[in-house]
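The following note sets out points on the structure shown below. Please read it alongside the sequence.

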Amino acid sequence: MKASAYTEPGGPDVLEVMELPDPVPGPGEVVIRVRAAAVSPTDTMRRVGMRDVAGAEPPYVVGMDAAGMIESIGSDTDTDLEIGDAVMAIVVPNGSHGAYSEKIAVPVESVARIPDGASLIEASTLPMNGLTARLALDKLNLPAGSTIAVTGAAGAFGGYSVQLAKADGHTVVADASEADEELVASLGADVVLRRGEGFAAAVREKFPEGVDGMIDGSVQLDEIVPAAKDGATIVTIRGDKGERERGVKFWSIVVSKYAKNPEELDTLRQQAEDGVVTLRVAEALPMDQAPEAHRRLEAGGVRGRIVLEF
């Protein structure tokens with residue numbers, strides 16, 4: 001099979017098309033013939049060596065989102081999926097195991113059918129970011145009617161966080177640049193405030209006691225602590241944790257904890273079908289243009305996901 005891979009960390013041009021062995025499904029696994037793989041910031045971080053798995057041998061393949069067709073099913077696999085079904089999957093990369101591949105073997109618990117009416121390209125944008133947003137809200141564990149602030153709301157993770165928080169019955173205050181205000185409002189945010197260093201103060205103007213919880217998709221960290229209510233939790237995706245002033249706590253999440261959560265992944269499928277969450281594709285590029293996809297993502301300003309086609 002072909003894969004977009006690299007042997008040494010570096011810039012986008014280290015990615016090249018390589019021939020790798022076809023995967024064989026083990027017990028409890030399925031092999032997916034990948035047709036689309038979403039490109040995310042986690043991929044670019046791995047490519048530069050920021051999230052290498054200890055002991056993994058090159059070549060390395062990144063990518064945490066795949067969509068395609070079931071090609072084979074391993075022994076002792078309890079599933080109603082059949083060969084030929086159109087599916088999406090969350091992938092936990094390790095060495096040459098990553099979504100930027102023509103074929104990939106994954107645990108059946110990491111797979112769900114694609115939403116009705118969605119293309120494989122669209123479906124590939126949902127698993128990793130959707131599950132990360134779900135995990136963030138589950139960690140906050142706030143009762144319906146709470147007020148949640150989301151930073152990075154125009155991004156894929158932030159956008160799903162806004163939409164899922166609204167589906168859970170929360171009031172959502174979100175940040176946006178001037179160019180993204182209409183987009184973020186369309187995702188369902190109740191209050192849209194200008195992104196940047198003044199966001200926390202603006203939140204306090206709207207909610208004098210502070211918000212009940214926060215999801216920090218833009219990694220502003222301590223800059224946004226003043227917006228949180230005393231004792232509130234801020235969920236972050238970049239490893240920060242611990243207590244700050246007024247008992248405000250940071251809680252770091254890792255989506256791999258939800259990588260074998262078929263119920264949540266299938267719920268996301270249903271929510272996509274119902275229009276609760278929006279599948280946003282920035283553009284689709286052939287798999288051999290993975291270096292260009294990484295360059296465009298790292299340049300910033302991408303709304304939705306760039307997707308590689310296989």
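1. T7 lies in the loop that joins β1 (2-5) to β2 (16-19); strands (E, at least two residues) and helices (H or I, at least four) are DSSP runs numbered from the N terminus. The model is predicted: local features need pLDDT of at least 70 and side-chain atom pairs pLDDT 80 or more, while totals for chains, interfaces and linings use all residues. Residues are numbered from 1 along each chain as its sequence is written, and side-chain values use heavy atoms, with hydrogens and water left out.

2. T7 counts as partly exposed because its relative accessibility is 40% (buried is under 20%, exposed over 50%, partly exposed in between; 1.4 Å probe, protein chains only). Leaving aside residues up to four places away in sequence, T7 touches M18, P58, P59 and Y60, contact meaning heavy atoms within 4.5 Å. The C-alpha atoms of T7 and V61 are 9.1 Å apart, although 54 residues separate the two in sequence.

3. An open sheet of seven strands has the order β10-β9-β8-β11-β12-β14-β13, with mixed pairing; strands pair if DSSP finds at least two bridges between them. Its edge strands, β10 (191-194) and β13 (242-243), each pair on one side only. β10 pairs in the parallel sense with β9 (residues 171-176) over four bridges, and A174 stands opposite V192 in β10.

4. Helix α3 (residues 127-140) packs on this sheet, touching β8 (147-151), β11 (211-216), β12 (228-236) and β14 (249-252), and its direction makes about 150° with that of β11. Axes are lines fitted to C-alpha atoms, for helices over the stretch in contact, and angles between N-to-C directions run from 0 to 180 degrees. Helix α6 (residues 199-206) lies across β8, β9, β10, β11 and β12, at about 145° to β10.

5. The axes of α3 and helix α7 (residues 262-273) come within 10 Å and cross at roughly 110°. The two helices are therefore roughly perpendicular (65 to 115 degrees; under 35 is roughly parallel, over 145 roughly antiparallel, the rest oblique). P127, G130, L131, R134 and D138 of α3 meet E264, L265 and L268 of α7.

6. α3 also packs against helix α4 (residues 156-167), at about 50° and with the axes 8 Å apart; the pair is therefore oblique. Among the residues making this contact are G130 and R134 of α3 and F157 and Y160 of α4.
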